[in-house]
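Reader: I am new to reading protein models. Could you take me through this one, step by step?

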Amino acid sequence: MALHDNDLVDDMFNTLMETIHSAFADVRRGEGISLHEAIAIDDYHPLAAQQAARAKDTDTHWQDVPCDTIWRCESALSFLDADGFRYYLPAFMCCGLRALEADDGRGNLLIDTCQFHLLHEPQTSLRHAQPANIAGHYEFSAAQCEVISQFLAATTLDDDVPTLEAVTAWRVFADSLNKL
């Protein structure tokens, strides 16, 4: 993904980040898997080590998770449960967008990670993944589905037909929720 640094892109990303903050404002992790705990799971650490890793994550609001922590735990989305995923996803999206704005070359990794998890339903091909199933699994609200749709549309520059179809499916799904 290569985006040009211009005022229009900056404004779009700033507006998108504000919308992410609004849609996910009240999301809490609760008992969901934390970032460091997810990395310990990924590394096959025993339960005691996973619990010790969880203790490193003292944040109570996703907005307080530093981007440096997101970068150190960039593979965590794959190992989070639904509560942890819903909690950390907006932090991943915002950190990825900030990195794209800074043009430091790191934003693509977080953006790609978010896109992968939002477009691929487990054990289903990209062409057959259903946004309703993904949204239902993570219990996304209508507002969260809308902002996810906006995020995918703004960050997907891939000309791969299945990817574009999957992004379009999110738009159609989010629109259908807005009509309810």
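This is a predicted model: local features need pLDDT of at least 70, side-chain atom pairs count only at pLDDT 80 or more; totals for chains, interfaces and linings use all residues.

Reader: Let's start with the cysteines. How many disulfides are there?

Author: The count comes to one disulfide. The bond joins cysteine 67 to cysteine 95, with an S to S distance of 2.2 Å.

Reader: Which parts of the chain does the pair tie together?

Author: Cysteine 67 lies in helix 4, residues 67–72, and cysteine 95 lies in helix 5, residues 82–102, so the pair ties together parts that are 28 residues apart in sequence.

Reader: Is cysteine 95 buried or exposed? And what about cysteine 67?

Author: Cysteine 95 is buried, with a relative accessible area of 3%. Cysteine 67 is partly exposed, as its relative accessible area is 22%. The cut-off for buried is under 20%.

Reader: What about cysteine 73?

Author: Cysteine 73 is in no disulfide, and the nearest cysteine sulfur, that of cysteine 95, is 11 Å away. A disulfide requires the two sulfur atoms to be within 2.5 Å. Cysteine 73 counts as buried, at 2% relative accessibility.

Reader: And where does cysteine 114 stand?

Author: Cysteine 114 is in no disulfide either. The nearest cysteine sulfur is that of cysteine 95, 9.3 Å away. Cysteine 114 is buried, with a relative accessible area of 0%.

Reader: Which of its residues are buried?

Author: The buried residues of helix 9 are Pro162, Thr163, Ala166, Val167, Trp170, Phe173 and Ala174. Seen down the axis of helix 9, these buried residues fall within an arc of 145°, so they line one face of the helix.

Reader: How do helix 8 and helix 9 cross?

Author: The axes of helix 8, residues 142–155, and helix 9 come within 9 Å and cross at roughly 150°. Angles over 145 degrees count as roughly antiparallel, and helix 8 and helix 9 are therefore roughly antiparallel to each other. Helix 8 passes helix 9 in a left-handed crossing.

Reader: And at what angle do helix 5 and helix 8 pack?

Author: Helix 5 and helix 8 pack at an angle of about 30°, and their axes are 12 Å apart. These two helices, helix 5 and helix 8, are therefore roughly parallel to each other. The crossing of helix 5 past helix 8 is left-handed.

Reader: Staying with helix 5, is glycine 96 buried or exposed?

Author: Glycine 96 lies in helix 5 and is buried, with a relative accessible area of 0%. The C-alpha atoms of glycine 96 and valine 161 are separated by 23 Å, and the two residues are 65 residues apart along the chain.

Reader: And alanine 102, buried or exposed?

Author: Alanine 102 is also placed in helix 5, but it counts as exposed, at 52% relative accessibility. Alanine 102 and proline 90 are twelve residues apart in sequence, and their C-alpha atoms are 18 Å apart in space.

Reader: Now the loops. Where does glutamine 123 lie?

Author: Glutamine 123 lies in the loop between helix 6 (107–119) and helix 7 (131–138). Glutamine 123 has a positive phi of about 60° although it is not a glycine. At 87% relative accessibility, glutamine 123 counts as exposed.

Reader: What is the phi of glutamate 139?

Author: Glutamate 139 has a positive phi of about 55°, although it is not a glycine. Its place is in the loop between helix 7 and helix 8. Glutamate 139 is exposed, with a relative accessible area of 56%.

Reader: Last one: where is aspartate 64?

Author: Aspartate 64 lies in the loop between helix 3 (47–54) and helix 4. At 48% relative accessibility, aspartate 64 counts as partly exposed. Aspartate 64 and alanine 91 are 27 residues apart in sequence, while their C-alpha atoms are 8.7 Å apart in space.

Technical notes: Residues are numbered from 1 along each chain as its sequence is written. Side-chain values use heavy atoms; hydrogens and water are left out. Buried means under 20% relative accessible area, exposed over 50%, partly exposed in between (1.4 Å probe, protein chains only). Helices (H or I, at least four residues) and strands (E, at least two) are DSSP runs, numbered from the N terminus. The arc is that of the directions from the helix axis to the C-beta atoms. Axes are lines fitted to C-alpha atoms, for helices over the stretch in contact, and angles run from 0 to 180 degrees between N-to-C directions. Angles under 35 degrees count as roughly parallel, over 145 as roughly antiparallel, 65 to 115 as roughly perpendicular and the rest as oblique. A crossing is left-handed if the near helix is turned anticlockwise from the far one by less than a right angle, and right-handed if clockwise.
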